[in-house]
Amino acid sequence: MKKEYRFPLLVAITGGIGSGQTTVANFFKKWGAWVINADEKAKEIIQKDRSVKRILAQTFGKEIFNRQGKLNTQKLAALAFKDEISTQKLNQIVHPRMVAYLIEELERARFSRKYPIVAIDAALIYEISIEQMFDAVVTVYAPIELRYKRVKQRDGMTRSDFFARVNKQIPLEEKRQWADFVIDNSGSLDELEKQSWAVYEKLLNMQEKKERQLKHIS
Ligand SMILES: CC(C)(COP(=O)(O)OP(=O)(O)OC[C@H]1O[C@@H](n2cnc3c(N)ncnc32)[C@H](O)[C@@H]1O)[C@@H](O)C(=O)NCCC(=O)NCCS
Ligand SMILES: Nc1ncnc2c1ncn2[C@@H]1O[C@H](COP(=O)(O)OP(=O)(O)OP(=O)(O)O)[C@@H](O)[C@H]1O
């Protein structure tokens, strides 16, 4: 019989643009966690929620959608990250819906009882102030120039576009201090995987403890 997890551990995997949090989340997924990717969910919401679409078009111009109604992410990013107020506007439109959606997804994964770890891969856990929802927060750290190098390699982002986003995020040095676990991604992918496994094992132990403590709850 397959093992049931009545009380999965709720984990946030966070960091900053290019720090490697999605890479760590993918390791967790490979080892049996259920992982929700906030960047993907945000785009799904923008694409599917009609009221979000309408307000975004009113705020940033209807050119951010093409004729078929598909979001042009580059256009929206250019407009939304150009200054603090524009980013705040984007966040005020998207974040409330995103948080509601993430909670629904967390609950779905929890009720399935199939996963010991349910994790959210999201850069903005602390910016949105949702860290209290989780049993543990894992921050993936890398030095800023290395993050830029990796993002440039990943999607050709310019230095100014990269720093436009970095400047809208809480510095990783702070997030590192607040986290329950820190993974240092200054080295190779192999080193990252080893560190991620060490953290994952600890999270599994925490989950077993949670299950034992709560087993009398019906
Ligand atoms: C503006 C959008 C369409 C640009 O899409 P694009 O494909 O270029 O980027 P993507 O979504 O993959 O995000 C990449 C990274 O940019 C950073 N980032 C994204 N949104 C924000 C934001 N509002 N503030 C600060 N950093 C952000 C994060 O580090 C994120 O991991 C998109 O980023 C978006 O919809 N953002 C608003 C929703 C959001 O806050 N997403 C982050 C969830 S944690
Ligand atoms: N240790 C590493 N060595 C080499 N490349 C790496 C390493 N860690 C991550 N990368 C690469 O760097 C890029 C950024 O990593 P990843 O997408 O995991 O970051 P992220 O924190 O999720 O970024 P974003 O917030 O932009 O989504 C990816 O192309 C990834 O494959």
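Predicted model: local features only at pLDDT ≥ 70, side-chain atom pairs only at ≥ 80, totals over all residues.
Biologist: Which residue just after helix 3 takes a positive phi, and of about what value?

Modeller: Just after helix 3 comes Gly61, with a positive phi of about 100 degrees.

Biologist: Is Thr14 buried or exposed, and which backbone oxygen does its side chain reach?

Modeller: Thr14 belongs to strand 1, residues 9-14. Its relative accessibility is 0%, and because buried means under 20%, Thr14 counts as buried. Leaving aside neighbours within four places in sequence, Thr14 is in contact with residues including Gln21, Leu124, Tyr126 and Val138. At 2.7 Å, the side chain of Thr14 reaches the backbone oxygen of Ala122.

Biologist: How are helix 1 and helix 9 oriented to each other, and what is the handedness of their crossing?

Modeller: Helix 1 (residues 21-30) and helix 9 (residues 189-214) pack with their axes 10 Å apart, at an angle of about 55 degrees. Helix 1 and helix 9 are therefore oblique to each other. Residues making the contact include Phe27 and Phe28 of helix 1 and Leu192, Tyr200 and Leu203 of helix 9. The crossing of helix 1 and helix 9 is right-handed.

Biologist: Where is Arg113 placed, and how does its relative accessibility class it?

Modeller: Arg113 is not a glycine, yet it has a positive phi of about 60 degrees. Its place is in the loop between helix 5 and strand 3 (117-121). At 35% relative accessibility, Arg113 counts as partly exposed.

Biologist: Is Ser129 buried or exposed?

Modeller: Ser129 is found in the loop between strand 3 and strand 4 (136-141). Phi of Ser129 is positive, near 60 degrees, in a residue other than glycine. Its relative accessibility is 54%, and because exposed means over 50%, Ser129 counts as exposed.

Definitions and conventions:
Residues numbered from 1 in each chain as written. Chains lettered and ligands numbered in written order. Heavy atoms only, no water. Helix = DSSP H or I, 4+ residues; strand = E, 2+ residues; numbered from the N terminus. Buried < 20%, exposed > 50% of the residue type's maximum accessible area, 1.4 Å probe, protein only. Polar contact = N/O pair within 3.5 Å; in protein donor to acceptor, adjacent residues only side chain to side chain. Contact = heavy atoms within 4.5 Å. Axes fitted to C-alpha atoms, helices over the stretch in contact; angles between N-to-C directions. Parallel < 35°, antiparallel > 145°, perpendicular 65-115°, else oblique. Left-handed = near helix turned anticlockwise from the far one by under 90°.
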